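Dear colleague,

I am handing over the structure below, together with a short account of what was found in it. Please read the two side by side.

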Amino acid sequence: MHDFEFKEGQLWCEGVKVSSIAERVGTPFYLYSYKTLTDHFLKIQKAFAKLDPIICFAMKSNGNLNVIKSLVDLGAGIDIVSIGELGKALLAGADPKKIVFASVGKTEEEIAFAIETGILLFNVESEPELEEINRIAVKMDRKVQAALRINPDVPAPTHEYTNTGSLKKKFGIDLGTSRQIFKAYKKYSHVKINGLHIHIGSQITSGVPFVGAIKKVITFIDELSAEGIKIEYLDIGGGLGIIYKNEIPQTAQQYADKVIPILEKTGLKIIMEPGRFIVGNAGIFVTKILYVKDNGLKKFVIVDGGMNDLIRPMLYDAYHEIVCVAQNKGARQKFDVVGPICESGDFFAHDRLLPKVKKNDLLAVMSAGAYGYVMSSNYNMRPRVGEIMVKGDKFKIIKDRETFKDLMRGEKIVTW
Ligand code: LLP
């Protein structure tokens, strides 16, 4: 569900015509609907109301200050993975007591800044990391709270690169090592290990893997409690799948109905870390056709956006629906939709059925709100595009397109 709809043959975002934004700001750009963004957050909040969880938006999925602030204003916490994300979350007004910090490679500088800030929990991904957090906390004379990120080793049907809950992956701590850590609990004088965390992967459409992982971790919590170790927080991670093509993902309510009965019994404070579910369908990527060419074997639509702007098709072979911003009901033919970059991997779609399109037509690459802008780069010396948000019948530029000066920042010709 989203607020990008065709009315009278034109694509609108809420109350604004997408083509009118393109006329004003130029292409390409990312476009977000405030309503879709916040509605998705509210859907999770409503479905899980019974547990009153801390919903920490995974800002790695979309780090725009306005996106974060829109959610923080509704009560969201933030799931961060770096010092940069922490700084930005604070700028957006996030409450440190609703910030959780995962990452397999936290640096000393990052740990110290997070301690200084007073975040809610470190989601710890290894024993040496726990030792490091304790060492730094001792040095700073501060007590901190931590959750062990358990790697539950459950199968999760998703792309190989976004699967994180198996022991073949670098994430989290296996149950055996976790047991050892709790046995040696006292050696961590300045870290209170009072939480457990799981995150088994991303774009998982079925509820089964989540339930399996949650059950596994609750069994472990029961085991710990029998030994007198008290856990207060359970962070069930993110990973909820969305519709890109013809997926039938579980809804927030269906997810809640499956897991609330299990979680409720534990009496633990629940934390969630959704990213894609909130922002994925709240954003599109708008790009303009530069040329159409036919080499006898294939037809290509060459657009002004490229893999540097949206890398998901290249990286994960991800499907994104592509529509003409001005509806075109002509007979459809197969096209490869490609960018200007000097790589064959620079594509948005292969053999995609599109009507007869022409130079200067606008295309919208749908469901691009999550892992779109944040994964963009300056490859081929291309400036990062602008980001626009619509709220009702207004739109605002929430991040300027980069300039040549931005591209050159910090670079200098040295003399030898
Ligand atoms: N929590 C942790 C610890 C994570 O690592 C992630 C995502 C999330 C929460 C949020 O997951 P979500 O609800 O968005 O599925 N670039 C890939 C996705 C990478 C996900 C990384 N971790 C893509 O474009 O599909």
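In which loop does Pro28 lie? Pro28 belongs to the loop between α1 (18-25) and β4 (29-33); helices (H or I, at least four residues) and strands (E, at least two) are DSSP runs, numbered from the N terminus. The peptide bond from Thr27 to Pro28 is cis, with omega near -10°.

Please note that this is a predicted model, in which local features need pLDDT of at least 70 and side-chain atom pairs count only at pLDDT 80 or more, while totals for chains, interfaces and linings use all residues. Residues are numbered from 1 along each chain as its sequence is written, and side-chain values use heavy atoms, with hydrogens and water left out.

Another loop, between β2 (10-13) and β3 (16-17), holds Glu14. Glu14 is not a glycine, yet has a positive phi of about 50°.

The domain assignment, whose bounds come from an automatic or database source, gives domain 1 (4-32 + 280-408) and domain 2 (34-278). Their centres, taken over C-alpha atoms, are separated by 32 Å. The contact (heavy atoms within 4.5 Å) takes 23 residues from domain 1 and 24 residues from domain 2.

Between domain 1 and domain 2 an area of about 2000 Å² is buried, 58% of it from carbon and sulfur atoms. Buried area is the accessible area (1.4 Å probe) that two parts lose on being put together, summed over both. Tyr316, Tyr319 and Tyr371 supply 27% of the area that domain 1 buries against domain 2, more than any other three residues. Zero salt bridges are found across this interface, a salt bridge being a side-chain nitrogen of Lys or Arg within 4 Å of a carboxyl oxygen of Asp or Glu.

Finally, Ile83, Leu86, Gly87 and Leu90 in α4 meet Glu109, Glu110, Phe113, Ala114 and Thr117 in α5.

With kind regards
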